[in-house]
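I opened the model today to look up a few contacts. My notes follow in the order I made them.

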Amino acid sequence: MNNLPAKLRRELSEDPYYQKCCITGLTNVKIDWHHNFIYQGRQLQEKWCILPLAEYIHKEIDKYKEKCDWIMLNRTDEGTLKKYSRGRDLLTYRKCLNGKYDN
């Protein structure tokens, strides 16, 4: 895992969103910050694609990957998704996941 830049690490640690698991909402567990998006072979160091996960969920990330993608893709704007839509159309993927998870 890449080290987070100090400024980004500070920003995440001060944001209440990163104090609880984005899947379970739990706060009384160890929270890992998961880089959910790889771009051009590297972990993208942008806030929208780093997710707070309970350690036990992070250890079994394959089971939760699609839901993490859904959360991540809805944390940014259309322009950003277009920018990173090289190997996969992220806007279409988000629309598909919204159909599955938005209730």
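Which residues does Leu 26 touch, not counting residues up to four places away in sequence? I found Lys 20, Cys 21, Ile 31 and Tyr 56, where contact means heavy atoms within 4.5 Å.

Notes on the source: this is a predicted model, in which local features need pLDDT of at least 70, side-chain atom pairs count only at pLDDT 80 or more, and totals for chains, interfaces and linings use all residues. Residues are numbered from 1 along each chain as its sequence is written, and side-chain values use heavy atoms, with hydrogens and water left out.

I placed Leu 26 in the loop between helix 1 (6-14) and strand 1; helices (H or I, at least four residues) and strands (E, at least two) are DSSP runs, numbered from the N terminus. Leu 26 is partly exposed, at a relative accessible area of 31%; buried means under 20%, exposed over 50%, and partly exposed in between, with a 1.4 Å probe and protein chains only.

Next I looked at strand 1 (residues 31-35). Of its 5 residues, 4 are buried, so strand 1 is largely enclosed by the rest of the structure. Strand 1 pairs with strand 4 (residues 50-54) in the antiparallel sense over 5 bridges; pairing requires that DSSP finds at least two bridges between the strands. Ile 31, one of the residues that Leu 26 touches, stands opposite Ala 54 in strand 4.

Last, I checked a distance from Leu 26. Leu 26 and Arg 86 are 60 residues apart in sequence, and their C-alpha atoms are 34 Å apart in space.
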